[in-house]
Amino acid sequence: MARRQAPDTKQRILAVAARLFGRHGVRSVGMQRLVDETGLGKSLVYREFSSKDYLVAEWLKETDAAWGEYADAATRPHEGDPARQMLALVEFIHDSVLADDFYGCVFYNTIAEFRDEDHPGRRAAVAHLERVRALLAHYGRDAGAEDPEGLADTLLLIIGGLLVNGTAFAGKGPAEHAVPTAAAIIRQACPATAGSALG
């Protein structure tokens, strides 16, 4: 009779991958190290993930899903005020940079590690950034921005700078200017709806 694997085997592998890839980067972590730290056999790991590329993509997709839940929790208190929701998203990302276990944005890091546009991990990382951009544009549109896509791009530029500079300066320096700069841009782009709540 074939041995039945535990139902949490896949999640166990993904949890270890998240810890190792997030802290050390993808390229520096070999599959053998991941096998060793999961405490599972190599055949079992490869049964769940036939290649490292596939594992990286699945890890990023799961991270994207978790990010969506956190972002929803951050913006939900401001439902009905899309201008404030945009700023709440920037605030949420700013707060993540302050965390003790922040080692850089896993999506930007993965894009930097893999230049091949067809790499599954890079595709998953780019898809996440496209999701963030679309969400910002959606809020901008609801807030009455004349150019919601342009506003989304500008805010994504701030977010990207915040995440990249956060690896060097943590919450100091550039990070201190991210939220007030975003608030000023949102007020300028959405004068009819961006009220005093933006500061």
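Look at Phe21 to begin with. Setting aside neighbours within four places in sequence, Phe21 is in contact with Val26, Val29, Leu34, Lys52, Leu55, Val56 and Trp59. Please keep in mind throughout that this is a predicted model.

Which residues touch the most other members of the largest nonpolar core? They are Phe21, Leu55 and Met86, and that core has 60 residues. As background, nonpolar side chains in soluble globular proteins tend to be buried together.

Now the overall layout. The protein has nine helices and zero strands, so read from the N terminus the order of elements is simply α-α-α-α-α-α-α-α-α. Along the principal axes, the C-alpha atoms fill a box of roughly 65 × 35 × 30 Å. There are 199 residues, and 43% of them are buried. If you take contacts with a separation of 6 or more, 63% come from residues 24 or more positions apart.

Next, the record. An unreviewed UniProt entry annotates residues 30–49 as "DNA-binding region". In the model, that span is 75% helix and 0% strand, and its end C-alpha atoms lie 14 Å apart.

As for charge, I count 22 positive and 27 negative side chains, and the centres of the two sets lie 8 Å apart.

Is Gln85 buried or exposed? Its relative accessible area is 9%, and because the cut-off for buried is under 20%, Gln85 counts as buried. Leaving out neighbours within four places in sequence, Gln85 is in contact with Thr75, His78, Glu79, Gly80 and Tyr139.

The other topic is Gly161, which sits in helix 8, residues 148–169. Gly161 has a relative accessibility of 26%, so it is classed as partly exposed, the class between 20% and 50%. Ala182 is 21 residues from Gly161 along the chain, and their C-alpha atoms are separated by 12 Å.

That is the end of my part. I will take questions now.

Methods:
Residues are numbered from 1 along each chain as its sequence is written. This is a predicted model: local features need pLDDT of at least 70, side-chain atom pairs count only at pLDDT 80 or more; totals for chains, interfaces and linings use all residues. Side-chain values use heavy atoms; hydrogens and water are left out. UniProt positions are given in the numbering used here, feature names are shortened, and annotations may be inferred rather than shown by experiment. Helices (H or I, at least four residues) and strands (E, at least two) are DSSP runs, numbered from the N terminus. Buried means under 20% relative accessible area, exposed over 50%, partly exposed in between (1.4 Å probe, protein chains only). Contact means heavy atoms within 4.5 Å. Lys and Arg count as positive and Asp and Glu as negative; His and the chain ends are not counted. The place of a charge is taken as NZ of Lys, CZ of Arg, CG of Asp or CD of Glu. A nonpolar core is a set of buried Ala, Val, Leu, Ile, Met, Phe, Trp, Tyr and Cys residues joined through side-chain atoms within 4.5 Å.
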